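Me: I'd like to learn how to read a structure like this one, feature by feature. Could you walk me through it?

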Amino acid sequence: MKLCIPVIGEREMALIAEVFASGHLAQGPKVAEFERRVADHVGTRHAFATSSCTTALHLSLAAVGIGPGDEVLVADFTFPATGNVVVHQRAVPVLVDVDPVTFTMDVEDLRRKITPRSRAVIPVDTFGCPADMERITAVAAQFGLPVIEDAACALGATCGGRPCGTPGTLGCFSFHPRKVITTGEGGMIVTDDDELAERIKLLRNHGGVGETFWYRYEAAGFNYRLSDVLAAIGIAQMEKLDELLSRRRELAGRLGELLADLPTIRCPADPPWGRHIFQSYVVMLDESIDRDRLVADLREADIETTVGTYALHDQPYFQQAWGYAAGQLPHSHAAFRRSLTLPLYPQMADEDPAIVVAALRKAIALQQGE
Ligand SMILES: *Cc1c(COP(=O)(O)O)cnc(C)c1O
């Protein structure tokens with residue numbers, strides 16, 4: 001059983017065929033429609049499609065004016081892109097530990113790490129679990145810092161009743177095949193800020209402002225646009241988003257029930273402040289379990305599993321370039337060591353969660369019998 005399989009079919013093919021027939025393959029009407037659909041779903045005035053969530057995050061930092069020497073507070077337990085984009089703006093990544101239960105930014109550690117050089121905060125909605133955005137935006141507001149929410153995994157999740165991606169200054173989504181909906185590669189920035197929206201539009205397209213039949217270049221921008229070919233896939237995916245999300249929650253509920261009596265595993269759940277969408281179903285293992293051996297044993301049983309995600313401070317780059325030491329952020333370090341992602345995707349059969357859990361019980365029993 002695979003970890004994840006994208007749900008793509010005839011509808012995606014039909015909309016791609018429309019793009020081919022139009023002859024317009026770069027950013028065009030399909031991108032505009034895809035943006036409108038995402039903006040309508042999360043309820044923002046603006047949405048800008050990008051080539052990935054990594055470029056969405058980079059563009060966001062450039063748009064809010066992050067530059068050399070600025071400190072940007074980043075949740076430590078995340079995909080490395082969240083930290084790398086800070087470096088691309090010649091700014092300083094300041095890594096913030098996570099809450100041990102939800103794996104999202106620890107608000108007290110955030111408060112401790114703010115300095116007079118702090119310029120922005122990047123919380124992460126880890127695995128589709130919303131960060132505590134109400135408290136994070138309150139702390140950020142106290143220090144006048146913009147909040148760029150890495151909502152790569154969280155399209156459709158909510159925080160305090162508000163859609164993920166919207167409580168901060170800017171929100172970024174990913175459409176990589178491992179996420180809730182996909183365009184192959186792709187991303188999007190959402191915001192209600194009209195000025196930042198103009199800046200994002202400018203920087204996404206080389207810094208050019210359209211005149212009559214030519215452009216006036218006002219900034220050293222990027223080409224971070226999405227193609228209409230990929231946006232066509234995104235439109236078809238948005239049509240089934242709600243269905244995909246409810247199936248994910250149903251399967252996650254089933255896994256949770258089946259795992260409830262296993263004392264060596266802690267299951268993911270909704271945090272007190274919002275609604276999880278289980279982009280990945282990541283459990284936390286007891287210290288007594290050898291995670292890497294578990295992954296190998298499950299692979300033997302044809303069940304694909306993997307790590308949760310990465311502790312940035314444990315990676316060679318962040319240690320060599322920024323002086324971090326392994327284990328310095330204890331909760332993120334533990335999560336990197338002892339988290340395990342189980343298979344979860346909408347086309348799983350109703351009986352699949354039981355197959356996964358049976359294999360997991362057997363592999364754990366094997367380790368504990370020694
Ligand atoms: C997937 C992911 C990214 C990167 O998204 P891409 O679209 O692949 O660039 C960034 N942050 C988090 C938390 C992610 O899960």
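Me: Let's begin with S52. Does S52 count as buried or exposed, and why?

Reply: Keep in mind as we go that this is a predicted model. The general idea is to compare relative accessibility with a cut-off: under 20% is buried, and over 50% is exposed. S52 has 14% relative accessibility, so S52 counts as buried.

Me: Where in the fold is S52, and what does its side chain reach?

Reply: Start with the elements on either side. S52 is in the loop between strand 1 (46-50) and helix 3 (53-63). Its side chain reaches the backbone nitrogen of T54 at 3.2 Å. If you leave aside neighbours within four places in sequence, S52 is in contact with G186 and G187.

Me: T54 has come up now. Which polar side-chain atoms lie by the ligand, T54's among them?

Reply: For a ligand, look at the surrounding residues and then at the atom pairs. Here 14 residues surround the ligand, and the closest are C53, T54, D150, S174 and K179. A polar side-chain atom of T54 lies 2.6 Å from a ligand oxygen. D150 places a polar side-chain atom 2.7 Å from a ligand nitrogen. For K179, an N or O atom of the side chain is 2.7 Å from an oxygen atom of the ligand.

Me: How much of the ligand's accessible area does the protein cover, and where does the ligand sit?

Reply: On its own, the ligand has 380 Å² of accessible area, and the protein covers 88% of that. As for its place, the ligand sits in the largest pocket.

Me: What does T182 reach and contact?

Reply: The T182 side chain reaches the backbone oxygen of F175 at 2.7 Å. Neighbours within four places in sequence aside, the contacts of T182 include P6, I8, H176, P177, I233, G234 and Q237.

Me: And for a residue in a helix, where is V295, and what does V295 touch?

Reply: V295 is found in helix 10 (residues 291-300). With a relative accessible area of 15%, V295 is buried. Not counting residues up to four places away in sequence, V295 touches T305 and L340.

Technical notes: Residues are numbered from 1 along each chain as its sequence is written. This is a predicted model: local features need pLDDT of at least 70, side-chain atom pairs count only at pLDDT 80 or more; totals for chains, interfaces and linings use all residues. Side-chain values use heavy atoms; hydrogens and water are left out. A polar contact is a pair of N or O atoms within 3.5 Å; within protein, one must be able to donate a hydrogen and the other to accept it, and residues adjacent in sequence count only if both atoms are side-chain atoms. Contact means heavy atoms within 4.5 Å. A residue is near a molecule or strand if one of its heavy atoms lies within 4 Å of it. Accessible areas come from the Shrake-Rupley method with a 1.4 Å probe; for residues, only the protein chains shown count as cover. On a 1 Å grid over the protein atoms alone, a cavity is a set of points where a 1.4 Å probe fits but cannot get out, and a pocket is an open set with protein on both sides within 12 Å along at least five of seven lines; lining residues have an atom within 4 Å of a point. A molecule sits in a cavity or pocket if more than half of its atoms lie within 2 Å of its grid points. Helices (H or I, at least four residues) and strands (E, at least two) are DSSP runs, numbered from the N terminus. Buried means under 20% relative accessible area, exposed over 50%, partly exposed in between (1.4 Å probe, protein chains only).
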